[in-house]
Amino acid sequence: ATTTQPVPSATPTGDDEARVVSEPTYTLALPPGWRQVDPPASASFAAEASDGTGEATLWIERDPALGFAAFERRSVARLRDLAGSAEVADRAPGPAAEQTVVRLTAGAPGERRYEVTLRAAGPHRYFLSTVLEPDASPVAREGVTLIQGSFLPSRE
């Protein structure tokens with residue numbers, strides 16, 4: 001069975017500081033110059049840079065029977081359908097799926113750049129997608145780096 005999580009709310013801090021978004025199944029930082037937006041259907045979280053040149057979306061699927069290799073294959077196909085291409089940019093294997101991190105990329109120079117982080121925790125599979133426009137601002141670029149680097153799945 002597949003389920004999604006409710007829309008989170010960020011913990012407020014100063015306007016020039018990152019805010020922590022903490023939910024039962026994940027935590028991440030919402031960068032300064034970014035705002036949470038309503039996520040698309042079936043997504044759990046979405047944010048965008050205030051200038052519109054960067055965005056992040058998190059999908060969480062609850063499927064304890066979905067092995068990580070199958071999840072990765074399906075995710076590559078999903079990104080390929082969305083962006084026209086997809087490749088594994090980095091794989092940090094762990095002794096178990098929960099310690100494994102896979103990063104996918106898509107987009108040629110001068111086009112939208114997609115980066116996807118795949119993670120697992122307990123019965124959940126996480127697909128964190130970030131997108132940068134070709135003319136992305138430093139706020140958008142730094143924000144994508146912060147979101148990707150701060151994302152931590154957790155077990156329920």
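Thr105 touches Leu79, Ala86, Glu87, Ala89, Arg113, Tyr114 and Glu115, leaving aside residues up to four places away in sequence; a contact means heavy atoms within 4.5 Å. The model is predicted, so local features need pLDDT of at least 70 and side-chain atom pairs count only at pLDDT 80 or more, while totals for chains, interfaces and linings use all residues. Residues are numbered from 1 along each chain as its sequence is written, and side-chain values use heavy atoms, with hydrogens and water left out.

**Thr105**
- Thr105 sits in strand 7, which covers residues 101-106.
- Thr105 is buried, at a relative accessible area of 9% (buried is under 20%, exposed over 50%, partly exposed in between, with a 1.4 Å probe and protein chains only).

**Overall fold**
- The protein has two helices and ten strands (DSSP runs numbered from the N terminus: helices are H or I with at least four residues, strands E with at least two).
- Along the sequence, the order is β-β-β-β-β-α-β-β-β-β-α-β.
- Of the 156 residues in the protein, 45% are buried.

**Cores**
- The largest nonpolar core holds 20 residues, and Tyr26, Trp34, Phe45, Leu58, Tyr126 and Phe151 have the most contacts inside it (such a core is a set of buried Ala, Val, Leu, Ile, Met, Phe, Trp, Tyr and Cys residues joined through side-chain atoms within 4.5 Å).
- Elements giving two or more residues to this core are strand 2 (26-30), strand 4 (45-49), strand 5 (54-62), strand 9 (124-132) and helix 2 (138-150).
- Another core, of 17 residues, lies apart from it and includes Leu66, Leu79, Leu104 and Tyr114.
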